[in-house]
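Subject: Handing over the structure

Hi,

Here's the structure I promised to pass on.

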Amino acid sequence: MFTLNNKNVLVTGATKGIGYGIAAVFASAGANVAIAARSRADLDSAVAALDALGPGLVRGISVDVSDPQSTQQMAETAADAFGGIDVLCANAGIFPEAKLDAMTPADLAQVLDVNVKGTVYCVQACLDALTRSGAGRVVITSSITGPITGFPGWSHYGASKAAQLGFMRTAAIELAARRITVNAILPGNILTEGLADMGEDYLAGMARSIPAGTLGTPEDIGHLAAFLATDEARYITGQSIAVDGGQILPESLDALTG
Ligand code: NAP
């Protein structure tokens, strides 16, 4: 049960943070893992670290997910390296802060280009390979921010993360006949390089708002992604699952101290 041996997995945004955690779980479970991001130097060091985790192949592929030609090349390179793609983890995303009265059209376009269009381009680029797999899996990294919660400064980001779920539901219907499932993980606050940039005060405040009392780890997301990628998860599609230590549950701050 639950083997990922011989699965060919492509994870975008996987040089660090949640994407790296997802890639590490798949590599440790014996899958062949291709990681994709923009920085070649970061790809090389992440590949070296992932290589030590399991018996599968590991490859690093340069991509800008907001560019459809680049995602096409990424998918072809991954499929050539492994002989196919069984699992796409569309994880690459950005979360720059911009309050509404200061947000420029360029700020909005950048977030939508990477987070929304990037997700769609990656799925489109991998479609033929996922279809050939016969058990294709798409796992999208969305967020609790947007689909469930909000936070000042991230209205554009929240819109992009909710848009991913709208895309997911119809993609799940369109691709079901090809035996491809499409699901989304909604991380809460996960301690990544990107989140650490928000500063100590932000991280401490977030930890206080989580019933589990602590931020999550990238591997917490990776373990759900790995399960959704198994053959046993074949009947789960179009679903969004929060992995957040219970962060969305309290009705008020009193609920956390009561
Ligand atoms: P992170 O630590 O900043 O890492 C982002 C990764 O994405 C890097 O590998 C980065 O590499 C890559 N990337 C960024 N822009 C890209 C582009 N245009 N094309 C290809 N790769 C790109 O971020 P994270 O915190 O792990 O977040 C990852 C995902 O989880 C995002 O979708 C985010 O919305 C979601 N999420 C995070 C949290 C959290 O608490 N951390 C919570 C909810 C949801 P390069 O810069 O080299 O391209």
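Before the notes, one term: buried means under 20% relative accessible area, exposed means over 50%, and partly exposed is anything in between (1.4 Å probe, protein chains only). Also, this is a predicted model, where local features need pLDDT of at least 70, side-chain atom pairs count only at pLDDT 80 or more, and totals for chains, interfaces and linings use all residues. Residues are numbered from 1 along each chain as its sequence is written, and side-chain values use heavy atoms, with hydrogens and water left out.

Salt bridges

A salt bridge here is a side-chain nitrogen of Lys or Arg within 4 Å of a carboxyl oxygen of Asp or Glu. Searching the whole structure turns up three of them. Helices (H or I, at least four residues) and strands (E, at least two) are DSSP runs, numbered from the N terminus.

Arg-40 pairs with Asp-44, with 3.2 Å between the closest N and O atoms. Both sit in helix α2 (residues 40-51), four residues apart, so about one helical turn separates them. Arg-40 is partly exposed at 39%, and Asp-44 is partly exposed at 43%.

Lys-117 and Asp-113 make another bridge, again with the closest N and O atoms 3.2 Å apart. These two are four residues apart in helix α4, which puts about one helical turn between them. Lys-117 is partly exposed at 40%, and so is Asp-113 at 27%.

What does the Lys-7 to Asp-231 bridge tie together? Here the closest N and O atoms are 2.7 Å apart. Lys-7 lies in the segment before β1 (8-12) and Asp-231 in the loop between α8 (218-229) and β7 (240-243), so the pair links parts that are 224 residues apart in sequence. Lys-7 is buried at 10% relative accessibility, while Asp-231 is partly exposed at 40%.

Nonpolar cores

A nonpolar core is a set of buried Ala, Val, Leu, Ile, Met, Phe, Trp, Tyr and Cys residues joined through side-chain atoms within 4.5 Å. The largest has 35 residues, and Leu-10, Ile-85, Leu-88, Val-138 and Val-182 have the most contacts inside it. Elements that each supply at least two of its residues include β2, α3 (68-82), β4 (87-90) and β5 (137-141). The biggest contributor is α4, with eight residues. There is also a second, separate core of 32 residues, with Val-11, Val-33, Ala-46 and Val-243 among them.

Contact means heavy atoms within 4.5 Å. Apart from its neighbours within four places in sequence, Val-182 touches residues including Val-138, Ile-140, Met-168 and Leu-175.

Pockets

The largest pocket has a volume of about 1,200 Å³. (On a 1 Å grid over the protein atoms alone, a pocket is an open set of points where a 1.4 Å probe fits, with protein on both sides within 12 Å along at least five of seven lines; lining residues have an atom within 4 Å of a point. Points are joined across faces, edges and corners, and the volume is the space filled by probe spheres set on them.) Of its 50 lining residues, Gly-93, Ile-94, Phe-95, Tyr-157 and Gly-194 are the closest to the centre. Among the elements giving at least two lining residues each are α1 (17-28), α4 (105-133) and α5 (155-175).

The second largest pocket has a volume of about 200 Å³. Its lining includes Arg-137, Arg-179, Arg-234 and Tyr-235.

Cheers
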